[in-house]
Amino acid sequence: MADAQDSARTILVAGGGIAGLSAAVEAAEAGFQVILVEREPYLGGRVARMNKYFPKLCPPQCGLEINFRRIRNNPLIQVMTMAEVEKIEGESGDFTVGIRVNPRYVNEKCTGCGKCSEAAQTSIPNFFDYGMSTVKAAYLPHEFAYPMRYVIAPQVIGTPEAQAIEAACEYGAVETDMAQKSVEVKAGAVIWAAGWTPYDISAIAYYGAGKYRNVVSNVVMERLASVNGPFKGIISRPSDGKAVKKIAFVQCAGSRDENHLAYCSSVCCLASLKQATYLLDQQADAEVSIFYIDIRALGRQEAFFEKVRQDERVRLVKGKPGEITEDPATGMVTVQVEDQQTGKTLREQFDLVVLAAGMAPATSQQKIPASGVVYDDFGFVVSKGQIPGIIGVGCDRRPADVSSTVQDATAAVLKAIQACRR
Ligand SMILES: Cc1cc2nc3c(=O)[nH]c(=O)nc-3n(C[C@H](O)[C@H](O)[C@H](O)COP(=O)(O)OP(=O)(O)OC[C@H]3O[C@@H](n4cnc5c(N)ncnc54)[C@H](O)[C@@H]3O)c2cc1C
Ligand code: SF4
């Protein structure tokens, strides 16, 4: 594979979230070969698991589908899913990149008919719903998945169930003997778009996440509100499925805290304001409380903040909760907080508490497999003094919303093209 390629005309993009997708289509539309490497079985990253986008509150599938169409129509883009970059060697203009491709056990003949799923017996936790629901061991990652192709869970491989799944496919698409493989490709530049991961809120012991079922993170809230989520879009308590009426959002859960993430994650205030509208739109008698240090809604987002704030069902309380507890009998969650504007300590019960978890760069957990890449203290890829030809983009560079991420991706492509021409 390596020999057949012209590295000076090839850009490798690692990560198929909105940053990687944008970079891939921009590079290909500028005439470059693109190899887009995504770890999961589908493209779209975190955004695909969201209910709506702020500030317009439109579903993310529209924007993603436009990118998928651009990919489908561009023969210069090669998409590799369930794949990860293992090593990057060489130099700007001439890198050799090793990629590990994990078996999907389903080939490109898959029509998405779902017969394999009907033959499966075993259920596994649904990754897409953060484990709040299950899927069969032969599953489609989600109904808008690109590529629209089933996956067989490795748990059943080698069992009679796997044979039944294979036999159920009329198109010869299921290959239970598919093996992991390693490939090498050449590229003139590498755009690293591995994105972000929510801060592990269970590390904030006094908030009880992981211990209490009705204390959830903001990414889980996206699934609770999604029509293709575990409660079909009716925001409900994970403990008992009861519809939520009274909700609290706790800002800076992990962010702006020297013991956790010392920086502001920049989008979680807007995410909570957006998620408040999810409940307000569903329940006329909803009550929303937002506990905050200060609300970060910069630039054009100020108008969105004002709009949500003016809803009389929304209460903003300046104060960082010191403790959260859940009553095991009722599932009600109590938040204790000192209101900094009145000096009073509040103790109040809610159906559900959403922790606005901060965003940590994926590169804080898994470094780019090349020697000499420079990171800041938090694991973000820095631009200055970086290895030429390896370009960090999107939330690997800083916490950012979708529109900033897309702009970043376009700028990264220009740098990648310059690197290819070295
Ligand atoms: C609760 C919440 C709500 C939000 N809501 C909004 C909103 O309404 N509007 C808005 O503009 N922004 C919103 N954001 C921000 C938005 O999620 C980000 O801007 C966006 O996800 C950034 O995209 P990305 O491609 O950089 O990262 P990701 O979405 O994280 O994508 C990274 C991709 O890389 C893949 N990957 C990771 N590691 C590897 C590897 N080693 N090899 C190959 N692939 C890899 C991942 O599987 C993933 O597909 C929200 C953020 C939060 C926390
Ligand atoms: S965006 Fe808001 S919630 Fe997130 S870290 Fe910054 S101030 Fe805290």
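Predicted model: local features only at pLDDT ≥ 70, side-chain atom pairs only at ≥ 80, totals over all residues.
**Domain organisation**

An automatic or database assignment divides the protein chain into three parts: domain 1 (7-101 + 180-197 + 360-420), domain 2 (115-168) and domain 3 (200-357). The centres of domain 2 and domain 3, taken over C-alpha atoms, are separated by 33 Å. Six residues from domain 2 and seven residues from domain 3 make up the contact. On the side of domain 2 that touches domain 3, the residues comprise two nonpolar, two polar and two charged.

**The shell around ligand 1**

Around ligand 1 there are 40 residues, of which Gly15, Gly17, Gly45, Gly195 and Gly394 come nearest. By class, the shell consists of 21 nonpolar, 11 polar and eight charged residues. Domain 1 (7-101 + 180-197 + 360-420) and domain 3 (200-357) each contribute at least three residues to the shell around ligand 1. In terms of secondary structure, at least two shell residues come from each of helix 1 (18-29), strand 4 (83-91), helix 5 (218-225), helix 6 (268-282) and helix 8 (402-420).

Ala189 lies in strand 11 (residues 189-192). Tyr150, by contrast, is placed in the loop between strand 8 (138-139) and strand 9 (151-152).

Leaving aside residues up to four places away in sequence, Ala189 is in contact with Ile11, Ser92, Gly389, Ile391, Ala416, Ala419 and Cys420. With the same exclusion, the contacts of Tyr150 are Val106, Cys110, Cys116, Ser117, Ala138, Tyr139 and Leu140.

The table sets out a pair of separations, one for each of these residues.

| Residue pair | Separation in sequence | C-alpha to C-alpha distance |
|---|---|---|
| Ala189 and Pro238 | 49 residues | 45 Å |
| Tyr150 and Asp401 | 251 residues | 30 Å |

For Tyr150 and Asp401, a sequence separation of 251 residues accompanies a distance of 30 Å, C-alpha to C-alpha.

Note on methods
Residues numbered from 1 in each chain as written. Chains lettered and ligands numbered in written order. Near = placed C-beta within 6 Å. Helix = DSSP H or I, 4+ residues; strand = E, 2+ residues; numbered from the N terminus. Nonpolar A, V, L, I, M, F, W, Y, C, P; charged D, E, K, R; others polar. Contact = placed C-beta atoms within 7 Å.
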